[in-house]
Amino acid sequence: MASRLHEGKRSDPLRHVVQRMVPNHGSIGLRALICALLSICAAASIRPISDAHRSAALDLFVPSGGLFQSLEETYEALRTFQILGVGNFSDIGPATCPVIIDNLTSPASSPKDLFDAIRVNSILECQIGSQTFKDVAEKFQDLIKSTDKLMNFYYSILGLLHVKAQGVSVVLPDAEGVFYSIKALSQNDGRWQYDSNNAESSTCAAGIALEALAGVVSLADIELVQSKIGTIKHDIVKLFDSINSYDDGTLYFEEKHIDGSEYKGPLATTASVVRGASAFAAIVSEKLNIPGDKLVGIAKFLLSVGVPSSTKDLFNQIDSLSHIENNRISIPLILSLPSTVLSLTSKDQLEVEVTTVFGSAAPPLTVNLVRASSSDVKNNPILENQELQFDTEKNVHYLDILPLKIDIGKYTLEFEISLHDPENLNTYATGGHAHSLIFLTGLVKVDKSQIGIYDTDSESSASMLKLDFFKDDKISLVANHLQKLHLSFQLFTPLGNTIKPHQAFLKLRHESKVEHIFALESSSRQYKIILDFLALVEKFYYLSGRYDIELAVGDAAMENSFLHVLGYIDLDLPEPPERASRPPSLSVDPYARFGPKQEISHIFRAPETRPPKELSLAFLAFTLVPLGGFVIGARVLVDGFHFDAQTKATFISHCFLSMSILVSVQLLTLGVNLKSFPSSSVHALFSLLFHAGIAAILLLYVLFWLKLDLFTTLKVLGLIGVFLIFVGHRTLSCLASTSAGKVKTN
């Protein structure tokens, strides 16, 4: 699932890393920066619909000359603009209304064309006469009487609802029969079929069917039996029982249809079910038995998509969320954090917002922090049962975290929402416990940092030099291949605890620009590294001279991550042996290896000489002359004698039989060996069936090329293959027994 990083305080802790580590130090600094960014991305919180979605709608839905590519896209754009309260319809209406009128009045318009045109008109309100709407309603009603496909029911019934909204009297006479026709396509698991000939059921089709059934109830001239409506309620409950879930509590519907032409992704499938369930809930008197926690999980899934990058996904997200915002089941309340990165240095407060999916204010409620635990040690909570205060001006719930003595790091927070008025429990859904991930950042103290050169493993504090990583003081060291470099330091959090940063590297850069990077490891509450130059002479390519020493320490929780140049060391290494490896050649631009590669030129061999095209076509025509002459001659002969239909058919069959015999004689003349053909009637029958099976496979290949799909071809091929195995085995057994008899006779 995609998510967007929210701006504000979230970027502040990284500013120190970016400013200190990136310039001129791409290799180590970039690693630390990427690690910090990935960690903070993981802490992103689900947020309600915001101005980012409104900007995306204006950027994605861009008409050309007032027109979109289709009326379907026009409706999706207008509906999205209508829900978000953006866009200007004055430029779209004058160009789109003539297209709508053409579709509504054209006799060649398909049901989908009529449906798209009528629903776009419901938003633009073009100047269309009432007679046009009556004609469209008549077309929809005629289609309902003659169809058994779910999509035709959907287009017709929802189209009639839009016509009715224009003030035209629309009644569905046989509402009960239409209801039964749509219900007949339902399955036991709550899903639906698109038509009776399609054995596959679809979750997305279930949402479409529920919308159509809700329309039937609205258009019915009599009140339908409550038992029918109760059956649909039970189907909706079964459909929601099959919902999928992620580990973070978000819920979604997955399309299980295997046909690629009808497959819909989780977003489109979930949106379809939400539309159908909310539409059916709006026309029934009693509340649907759908738990509010499931609606909250679906709302979290739709919001977790962030800002979609395609028009279809954006429409599905916004339209389905608008149905969730105004449904008669339960309105989900979304708990979100404006900032998931809090600075202990700036004394930031933990702020929590509780709103609807579109950011509307929630009723009076209390937010309680049930538990806060470190992401590393989840079973040991560091904080429990803290009630958040409510700021009426900012409309947020907050908690001061500085007095709670919580150290820097990544934490999982578990919240609980309690509504003040019990009556609101029938209207709003809180979703139980909500989980969020936050980062606490602060300044890390570097202590007991020292560096030195030793001849042996024994360390003497007298020869160690103290370091200050946040000053510009530089040290200079001298060593040879028999000595070792020692570097150690300690890191402490604002509460005095040790910290293990994501990145800790030591880099030595030779004056020839050859670099060597070493990772530091923690031991005994400190970071320490010992470089034995005698063991590293081959890695250093026996290069003596000056090496710059750099230390990089970075972590997402550190506000003072650093890349510090400690100084340099003059290293005296022995002369390289004859077969020693040489240092790699350095590119002028270290990023040149990511540039375009050299173009590969290849000359294909000249094609073999072939006869002219005209000669090949002439030879083809010459080979078809006998067959053409036979057909024309037979036709002339039949017409000349004025045969009746039965005699004509008999004559033609005799001609083809004669031709077959003639071809067989020609094959024998050419030397075709038919001596091994079985003489026994039973064995000859199996041999003929075997050759007929081979011919059937060849015919199947032709049909596959012309009209059949792959799945149908494979099914038929499997059946023919089983048949061929049987008759082929019998044929080969006959040939084997015949050959064995001949050998025994000889």
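**Exercise 1.** Which residue in β10 is the bridge partner of E351?

*Solution.* The model is predicted: local features need pLDDT of at least 70, side-chain atom pairs count only at pLDDT 80 or more, and totals for chains, interfaces and linings use all residues. Residues are numbered from 1 along each chain as its sequence is written, and side-chain values use heavy atoms, with hydrogens and water left out.

Step 1. Strands are DSSP runs of E with at least two residues, helices are runs of H or I with at least four, and both are numbered from the N terminus. Two strands pair if DSSP finds at least two bridges between them.

Step 2. Strand β6 (residues 349-355) and strand β10 (residues 396-400) run antiparallel and are joined by four bridges. The partner of E351 in β10 is Y398.

Step 3. The open sheet has four strands in the order β4-β6-β10-β9, with antiparallel pairing. Its edge strands, β4 (334-336) and β9 (389-391), each pair on one side only.

**Exercise 2.** Determine the salt-bridge partner of E351 and the accessibility of both residues.

*Solution.* Step 1. A salt bridge is a side-chain nitrogen of Lys or Arg within 4 Å of a carboxyl oxygen of Asp or Glu. E351 forms one with K394, and the closest N and O atoms are 2.6 Å apart.

Step 1. E351 lies in strand β6 and K394 in the loop between β9 and β10, 43 residues apart.

Step 2. Buried means under 20% relative accessible area, exposed over 50%, and partly exposed in between (1.4 Å probe, protein chains only). E351 has 18% relative accessibility and therefore counts as buried. K394 has 47%, so K394 counts as partly exposed.

**Exercise 3.** Describe the two faces of strand β21 and its pairing with β17 and β20.

*Solution.* Step 1. Strand β21 (residues 526-532) has Y527, I529 and L531 on a covered face, while Q526, K528, I530 and D532 form the uncovered one.

Step 1. Six bridges join β21 to strand β17 (residues 484-492), and these two run antiparallel. D532 stands opposite K484.

Step 2. Strand β20 (residues 521-523) is also antiparallel to β21, with three bridges. Here E521 has K528 as its bridge partner.

Step 3. β20 and β21 form a hairpin with two residues between them, and S524 in the turn has a positive phi of about 55 degrees.

**Exercise 4.** Which residues touch the most other members of the largest nonpolar core?

*Solution.* Step 1. A nonpolar core is a set of buried Ala, Val, Leu, Ile, Met, Phe, Trp, Tyr and Cys residues joined through side-chain atoms within 4.5 Å.

Step 1. The largest core has 95 residues, and I100, I157, I182, W192, F280 and I298 touch the most other members. Helix α10 (residues 203-219) gives the largest share of this core, twelve residues.

Step 2. Another core, of 69 residues, lies apart from it, with L365, L383, L485 and Y542 among its members.
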